[in-house]
Amino acid sequence: MTAATPTIALPRPVHGVKVHSRRLNGSCVPTFGRVELDFEPVPAGGASSIEFACTSQPEPAPHFEEFLAHGVMQELAGTDTEDPDARRGAPVSARVIVRAMSWHWIDTCETVFLRLGALAVREALSCVAENRDPQPIETRARLIFP
C-alpha cells in the first residue's frame with residue numbers, strides 16, 4: 001500500500017489571478033472564457049474549498065462554475081491526468097474565491113473552464129514559489145475531442 005502524499009497549506013494569499021482564453025477568429029471551436037480568482041491559506045489540516053463571490057457575465061452559469069471548480073480542485077490535488085502538461089506536485093490546500101467570470105453563448109464550452117481553473121492554480125503556486133504578484137495569463141484553451 002502506498003502512503004498518501006501529505007497536503008501542503010498555501011503559505012500566503014495570492015489575489016487577482018486573471019486567466020483569459022481568447023476566441024479563435026474564424027473557428028468553430030468554443031475557446032472563450034475569463035476568470036479572476038483569489039487564493040487564501042487555510043488553517044493547518046484544513047481542506048481546499050472554492051467559493052463563487054461574483055456574478056457571471058452575461059449571466060450565472062452553474063455548469064461552467066462546476067467545471068471551473070473541478071479544474072481548480074483537481075489541480076490543487078495535483079491529480080490532473082487529462083492534460084499532459086499538468087502540474088503533478090504535492091497536494092496544496094487553499095480557499096479559492098472566484099471574483100469574476102465571463103463566458104459567451106456560442107464561443108464557450110465546459111472544457112475551457114476546466115483548463116482556466118488549472119491554469120489559475122498553476123499561476124498562484126508560481127507566484128508563491130517566485131515571491132511575486134500574479135501576471136495576467138492570455139491563452140487559448142486546448143480542447144481535446146475524442
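Tutor: Helices (H or I, at least four residues) and strands (E, at least two) are DSSP runs, numbered from the N terminus. Ser21 lies within such a run, strand β2 (residues 14-21). The model is predicted, local features need pLDDT of at least 70, side-chain atom pairs count only at pLDDT 80 or more, and totals for chains, interfaces and linings use all residues. Residues are numbered from 1 along each chain as its sequence is written, and side-chain values use heavy atoms, with hydrogens and water left out.

Student: How many helices and strands does the protein chain have, by that rule?

Tutor: There are two helices and eight strands. Their order along the sequence is β-β-β-β-β-α-β-β-α-β.

Student: Why is Ser21 called buried?

Tutor: Buried means under 20% relative accessible area, exposed over 50%, and partly exposed in between (1.4 Å probe, protein chains only). Ser21 has 0% relative accessibility, so Ser21 counts as buried. In the protein chain of 146 residues, 43% count as buried.

Student: What does the side chain of Ser21 reach?

Tutor: A polar contact is a pair of N or O atoms within 3.5 Å; within protein, one must be able to donate a hydrogen and the other to accept it, and residues adjacent in sequence count only if both atoms are side-chain atoms. The side chain of Ser21 is 2.4 Å from the backbone oxygen of Thr31. The C-alpha atom of Ser21 is also 8.3 Å from that of Ile137, although 116 residues separate the two along the chain.

Student: What makes Asp38 and Arg99 a salt bridge?

Tutor: A salt bridge is a side-chain nitrogen of Lys or Arg within 4 Å of a carboxyl oxygen of Asp or Glu. For Asp38 and Arg99 the closest N and O atoms are 2.8 Å apart, so the pair forms a salt bridge. Asp38 is in strand β3 (residues 33-40) and Arg99 in strand β7 (residues 95-102), so this pair links distant parts of the chain, 61 residues apart. Asp38 has 8% relative accessibility and is therefore buried, while Arg99, at 39%, is partly exposed.

Student: How do you know that Glu51 and Arg95 form a salt bridge?

Tutor: Their closest N and O atoms are 2.6 Å apart. Glu51 is in strand β4 (residues 49-52) and Arg95 in strand β7, so the pair ties together parts that are 44 residues apart in sequence. Glu51 counts as partly exposed at 33% relative accessibility, and Arg95 counts as partly exposed at 33% as well.

Student: What network of salt bridges includes Glu123?

Tutor: Glu123, Glu130 and Arg132 are linked in one. Between Glu123 and Arg132 the closest N and O atoms are 2.7 Å apart. Glu123 has a relative accessible area of 8%, so Glu123 is buried, whereas Arg132, at 22%, counts as partly exposed. The count for the model comes to five salt bridges.

Student: At what angle do helix α1 and helix α2 pack?

Tutor: Axes are lines fitted to C-alpha atoms, for helices over the stretch in contact, and angles run from 0 to 180 degrees between N-to-C directions. Helix α1 (residues 62-77) and helix α2 (residues 110-130) pack at about 35°, with axes 7 Å apart. A crossing is left-handed if the near helix is turned anticlockwise from the far one by less than a right angle, and right-handed if clockwise. The crossing of α1 and α2 is right-handed.

Student: Which residues of α1 and α2 meet?

Tutor: Contact means heavy atoms within 4.5 Å. Among them are Phe64, Phe67 and Leu68 in α1, and Phe113, Leu114 and Val121 in α2. Ala, Val, Leu, Ile, Met, Phe, Trp, Tyr, Cys and Pro count as nonpolar, Asp, Glu, Lys and Arg as charged, and the others, Gly among them, as polar. The residues of this contact divide into 10 nonpolar, five polar and three charged.

Student: Why does Ser56 count as buried?

Tutor: Its relative accessible area is 3%, so Ser56 is buried. Ser56 lies in strand β5 (residues 56-57). Leaving aside neighbours within four places in sequence, Ser56 is in contact with Ala61, Glu65, Met101 and Trp103.

Student: Which peptide bond is cis?

Tutor: The bond between Gln57 and Pro58 is, with omega about 15°. Pro58 lies in the loop between β5 and α1.

Student: What is the phi of Asn131?

Tutor: The phi of Asn131 is near 50°, a positive value in a residue other than glycine. Most residues other than glycine have a negative phi, and most peptide bonds are trans. Asn131 sits in the loop between α2 and β8 (137-139). With a relative accessible area of 64%, Asn131 is exposed.
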